[in-house]
Amino acid sequence: MKFVAKTLFGLEKVLAEELAILGAKSISQANRAVLFEGDIRLLYRVNYMSRTALSVLMPVKEFWIKSADDLYRKCMQIEWDNYMDVGNTFSVTPVVQSQIFNHTGYAGLRLKDAVADYFRKLSGKRPSVDNENPDILINLHISNDKVTVSLDSSLIPLFKRGYRKEQAAAPLNEVLAAGMLLISGWNGSKDLIDPMCGSGTIPIEAGLIACNVPAGRFRKSFGFQKWKGYDPEIFRVTREEGDSGIRKSPVRISGYDISEIAVKQAVKNVGSAGLTDSIYLAEYDFRTLKMADNEGVIYINPPYGERLLPGETESLYGMIGTTLKHNFSGYSAWIISSNKESLKYIGLKPKEKHILFNGALECSFNKYELYQGSRKIRMK
Ligand SMILES: C[S@@+](CC[C@H](N)C(=O)[O-])C[C@H]1O[C@@H](n2cnc3c(N)ncnc32)[C@H](O)[C@@H]1O
């Protein structure tokens, strides 16, 4: 069976590596997606275990069209009763880039009509559309004249892990946080500090990696559980296998924040992810933070400046650079920010640079090595 795992820009390589470890075959990277092959067990496993997939699609038909009526006709030829019953509700997510359709919504409507008419012809009844909480989510992808109709096996996107109880002012997407850790090569073998942890997303994703906790462990459901032919026994075994490696964290993971409210939110989220014993949290101003050891990795997602006054961002980033140089020699630091001007005030030369997106914001995700007497760069 062929599948498509969707992800965020820049995470395709780490997702492909995850899929290979989970047992996927014929893996190939695309733009914000990774194509792979495997069986239904693998589909369940990827949904339950992958940290960097946003959703996993199962294509059911691929074809070419010349008109909107063509789309309707060819969608009527799909044997929908193989995947759902007339009693199921459904919804369509259209992704359309084509001259044939002026409105993306219209393409979705033609597919909805085809599903409804298919069942009406078969049984005299039609399934209802439910855009809020459907049983079956159909993905319609049209690129010029090429159409791919898929079922979304995740339904609720996989970044919604199920552990978040509290929302910070600017929380990182969980898939992005996990992707940052995997890009940096963090695998739970080095101590980790997030000195601006907000609601705790980076420490929690790190805790899940260190403790081998499947990313999907806290979710209530996955889309494939409503599919016709869903095998609960296979999924029970999938969960059991995934959970069998859970262990105590072998390393120290800490999160700090200057805001009392943020730390309280992080405490709740960490508790809900079952990681209270593995993650140390405290209220702290980064400028006064000092560690006893001189080895570990620091991840910082500082404010990008949208809510700060002019000049404040530069002094904040300058302070981050000074504190890293003075208090964290021996550490590696990774900083993600959309504010490329302010990043220069860190005053250290990045050893690696990656482009990632935090929502719509293009960000640099930079690595800095903090040896004694770190090299300075001239600020522009
Ligand atoms: C963009 S948010 C981090 C969001 C976080 N990654 C999450 O997923 O929720 C930046 C955080 O930096 C904190 N912060 C700003 N200045 C700080 C300082 N001097 N020391 C520690 N934390 C600081 C803010 O309180 C805020 O929670």
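Visitor: Why does Asn-212 count as partly exposed?
Guide: Asn-212 has 15 C-beta neighbours inside 10 Å. Buried would take 20 or more and exposed 12 or fewer, so Asn-212 falls in between and counts as partly exposed. Keep in mind that this is a predicted model.

Visitor: Where is Asn-212 placed?
Guide: Asn-212 sits in the loop between helix H6 (201-210) and helix H7 (232-243). Its phi is positive, about 55 degrees, although Asn-212 is not a glycine.

Visitor: What makes Asn-144 exposed?
Guide: Around Asn-144 there are 11 other C-beta atoms within 10 Å. The limit for exposed is 12 or fewer, so Asn-144 is exposed. Asn-144 belongs to the loop between strand S6 (136-143) and strand S7 (146-152), and has a positive phi of about 55 degrees without being a glycine.

Visitor: How do you know that the protein chain is as compact as a globular protein of its length?
Guide: Let's start with what it is built from: 10 helices and 14 strands. Its radius of gyration is 23 Å, close to the 21 Å that the globule rule gives for 380 residues, so the protein chain is as compact as a globular protein of that length. Of those 380 residues, 42% count as buried.

Visitor: Which residues come nearest to the ligand?
Guide: Met-196, Gly-198, Ser-199, Thr-201 and Phe-286 do, out of 21 residues around the ligand.

Visitor: How many residues of the shell around the ligand are nonpolar, polar and charged?
Guide: The shell around the ligand has 13 nonpolar residues, five polar and three charged.

Definitions and conventions:
Residues numbered from 1 in each chain as written. Predicted model: local features only at pLDDT ≥ 70, side-chain atom pairs only at ≥ 80, totals over all residues. Near = placed C-beta within 6 Å. Nonpolar A, V, L, I, M, F, W, Y, C, P; charged D, E, K, R; others polar. Helix = DSSP H or I, 4+ residues; strand = E, 2+ residues; numbered from the N terminus. Rg over C-alpha atoms; globule rule 2.2 N^0.38 Å.
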